[in-house]
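Hi,

Here is the structure I promised to send over. Have a look at it first, then read my notes below.

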Amino acid sequence: MASGKFRSESHLIDQKAVFFVRENLPTEWVVRELTPDYGLDLDVEVFEKENGRITTLGERLYLQVKGTTNPNRSTAALNCS
């Protein structure tokens with residue numbers, strides 16, 4: 001086995017969790033990963049599709065993502081009006 005850098009299981013779980021969040025947000029929104037991660041993982045800029053245009057709402061979300069190997073899935077509605 002090589003004796004270089006390694007990734008722990010928790011790194012892989014966290015990476016999958018961030019990917020899951022990114023993939024489940026509206027495609028109009030802009031998602032930026034914050035690195036290095038000091039408590040906040042994602043900066044999300046909210047956009048809205050209206051009259052054939054995608055316009056910023058001037059709103060931002062800052063998300064801290066926590067991953068787990070045993071997710072408790074539920075559905076939440078986002079209302080940006």
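**How the strands pair**

Strand β1 (residues 30-33) and strand β2 (residues 42-50) run antiparallel and are joined by four bridges. Before going on, please keep in mind that this is a predicted model, where local features need pLDDT of at least 70, side-chain atom pairs count only at pLDDT 80 or more, and totals for chains, interfaces and linings use all residues. Residues are numbered from 1 along each chain as its sequence is written, and side-chain values use heavy atoms, with hydrogens and water left out.

Helices (H or I, at least four residues) and strands (E, at least two) are DSSP runs, numbered from the N terminus. Two strands pair if DSSP finds at least two bridges between them.

**The turn and the cis bond**

What is the phi of Asn51 in the hairpin of β2 and β3? It is positive, near 55 degrees, and the hairpin has two residues between the strands. Asn51 is a residue other than glycine with a positive phi, and sits in the loop between β2 and β3. Asn51 counts as exposed because its relative accessibility is 76% (buried means under 20% relative accessible area, exposed over 50%, partly exposed in between, with a 1.4 Å probe and protein chains only).

In the loop between β1 and β2 you will find Pro36. Thr35 and Pro36 are joined by a cis peptide bond, with omega about -5 degrees.

Glu28 lies in the loop between α1 (9-24) and β1. Is Glu28 exposed or only partly exposed? Glu28 counts as partly exposed, because its relative accessibility is 23%. If you set aside neighbours within four places in sequence, Glu28 is in contact (heavy atoms within 4.5 Å) with Phe47, Lys49 and Ile54. Glu28 and Glu45 are 17 residues apart in sequence, and their C-alpha atoms are 9.2 Å apart in space.

Ser10 is in helix α1. At 41% relative accessibility, Ser10 counts as partly exposed. From Ser10 to Thr68 there are 58 residues in sequence, but 8.4 Å in space, C-alpha to C-alpha.

**The whole protein**

The protein has one helix and three strands, in the order α-β-β-β from the N terminus on. Its radius of gyration is 16 Å, while a compact globule of 81 residues would have one near 12 Å (taken over C-alpha atoms; the globule rule is 2.2 Å times the number of residues to the power 0.38). Along the principal axes, the C-alpha atoms fill a box of roughly 55 × 25 × 20 Å.

How many of the 81 residues count as buried? The share is 17%. Among contacts with a separation of 6 or more, 25% come from residues 24 or more positions apart.

Cheers
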